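This report is an account of the structure shown below, written for a reader who meets it here.

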Amino acid sequence: MSTFTPATKMKVGVVGATGMVGQRFLTLLDNHPYFEVVALAASPRSAGKTYEEAVGSRWKMKTPMPEHCKSMIVFDAEADIEKMKELCSFVFCAVDMKKDEIRALEEKYAKAEIPVVSNNSAHRWTPDVPMVVPEINPEHLAVIEAQRARLGTKRGFIAVKPNCSIQSYVPALTPLLKYKPTLVVATTYQAISGAGKTFKEWPEMIDNVIPYIGGEEEKSEQEPLRVWGRVENGEIVKADPTTGAAPLITTQCIRVPVTDGHTAAVFVKFENKPTKEEILEAWANFKGLPQEMELPHAPAQFITYFEEDNRPQAALDRDIYGGMGVTVGRLREDSYFDYKFVGLSHNTLRGAAGGAVLIAELLYRQGYFD
């Protein structure tokens, strides 16, 4: 638990508050030690209603709707930016719109001097927008200075989190980069909440597997290279597998009948093959700034390894450290690749809203919201 307690909480807003990820933001921010939710925004059809009226029967979280949010009047995400600015020091964004519309909307907030911490994918490849897993590449936040220069802002900027699918295997691969992995094959088995659905809304997923998720395989193969990249001349340059800076990654992404939790079956080949003991030690010792700074949503142990042959399991292990930890199991040598293992992460916590909240906690402690 964090030992840092601010004198006053920073006032924040949630844009796209009525959707599944927006709802998750509200549950995570309820009684947060750094942040206080003071404004909610969504589509024009929700604007002007109380949050409870706007959501109606569509509340998808297992925990109840936070009481202080129920009577808040929902703003129009685009038309009421100035009102949001009056109330908020920064916003979380999780809107359901076309990518070009999201890019435009998030830039409007940033240019209005409202920093944006986004769950959306629209700006993940904007060269001067950091896409961060706080334990892995916090140094990418330095590109914000160049982004502000481009946008002409003093406070405003956009920071994003990566796709939920990569959180189940990129954390496990990162401490192994020193052994120069050359090829990674990963198959992800992704929960229905990744599509913003429940079984009640998506009954055709019961007793079913769908071997395709639009756009997911490209994200799963390319986004790790950006996370492992570097800041150069005011932009993020992704790691290049042809130079040995990162492995070549190929993936398949499959939708499975699981509520929450993305599982990955991973095969990896190394230039300098480590021993099994060296891999386990690397995982056990892997930590980053969130652990060192004791950020509120930082898992005490970033990667947890299970010795049991039947772990990790989504139902048993997705909620480890409040859903912010990553679990790994079944590490063993392979007849063609060097090693294979199974990884698991909670897709709407570590992989979505929780990951964005952890980014915001890091930005706050490093002074980017000042």
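## The parallel sheet

In this predicted model, V15 has C93 of β4 as its bridge partner. The two strands concerned are β1 (residues 10-15) and β4 (residues 90-93), which pair in the parallel sense over 4 bridges. Strands of a sheet pair through backbone hydrogen bonds, either parallel or antiparallel.

Both strands belong to an open sheet of 6 strands, whose order is β3-β2-β1-β4-β5-β6 and whose pairing is parallel. At its edges are β3 (74-76) and β6 (158-160), each of which pairs on one side only. On average, neighbouring strands of this sheet are turned by 30° against each other, direction ignored.

## A39 in strand β2

A39 is part of strand β2 (residues 35-42). A39 is buried, with a relative accessible area of 1%. Apart from neighbours within four places in sequence, the residues in contact with A39 are V12, G13, V14, M72, F75, M84, L87 and C88.

How far apart are A39 and Y169 in sequence and in space? They are separated by 130 residues in sequence and by 35 Å in space, C-alpha to C-alpha.

## The mixed sheet

Another open sheet of 6 strands has mixed pairing and the order β10-β7-β11-β14-β13-β12. Its edge strands, each pairing on one side only, are β10 (248-255) and β12 (303-306). Here neighbouring strands are turned by 20° against each other on average, direction ignored. Helix α8 (residues 216-227) lies across β7 (181-190) and β10, and runs at about 145° to β10.

Both senses of pairing can be followed at β13. Strand β13 (residues 326-333) and strand β14 (residues 339-345) run antiparallel and are joined by 5 bridges; within this pair, E333 stands opposite Y339. By contrast, β12 and β13 run parallel, joined by 4 bridges, and T304 has T327 of β13 as its bridge partner. In a regular strand the side chains alternate between the two faces of the sheet. In β12, I303 and Y305 point one way, while T304 and F306 point the other way; all are buried.

D128 is located in the loop between β5 (116-118) and α6 (144-151). Is D128 buried or exposed? Its relative accessible area is 6%, so D128 counts as buried, the limit being under 20%. The side chain of D128 makes a polar contact with that of R150, at 2.5 Å. Leaving out residues up to four places away in sequence, D128 touches V143, A146, Q147, R150, G234 and E235.

E223 lies in helix α8. With a relative accessible area of 2%, E223 is buried. A polar contact of 3.1 Å links the side chain of E223 to the side chain of R124. Residues up to four places away in sequence again being set aside, E223 touches R124, W125, M131, P162, N163, I166 and E218.

## Cysteines

How many disulfides are found in the whole structure? The search finds 0. For C93, the closest cysteine sulfur is that of C88; the two sulfur atoms are 12 Å apart, and therefore too far from each other for a bond. C93 is also buried, at 3% relative accessibility.

C253 is likewise in no disulfide, and the nearest cysteine sulfur, in C164, is 9.2 Å away. The relative accessible area of C253 is 0%, and the residue is buried.

## Nonpolar cores

The largest nonpolar core has 57 residues. Within this core, the residues with the most contacts are V15, M84, Y109, W228, W283 and F341. For W283, the contacts beyond four places in sequence are A172, P175, L176, Q301, I303, Y305, V328, L331 and F341.

A second, separate core contains 49 residues. C69, I144, M293 and L295 are among them.

How values were computed: Residues are numbered from 1 along each chain as its sequence is written. This is a predicted model: local features need pLDDT of at least 70, side-chain atom pairs count only at pLDDT 80 or more; totals for chains, interfaces and linings use all residues. Side-chain values use heavy atoms; hydrogens and water are left out. Two strands pair if DSSP finds at least two bridges between them. Axes are lines fitted to C-alpha atoms, for helices over the stretch in contact, and angles run from 0 to 180 degrees between N-to-C directions. Contact means heavy atoms within 4.5 Å. Buried means under 20% relative accessible area, exposed over 50%, partly exposed in between (1.4 Å probe, protein chains only). A polar contact is a pair of N or O atoms within 3.5 Å; within protein, one must be able to donate a hydrogen and the other to accept it, and residues adjacent in sequence count only if both atoms are side-chain atoms. A disulfide is a pair of cysteine sulfur atoms within 2.5 Å. A nonpolar core is a set of buried Ala, Val, Leu, Ile, Met, Phe, Trp, Tyr and Cys residues joined through side-chain atoms within 4.5 Å.
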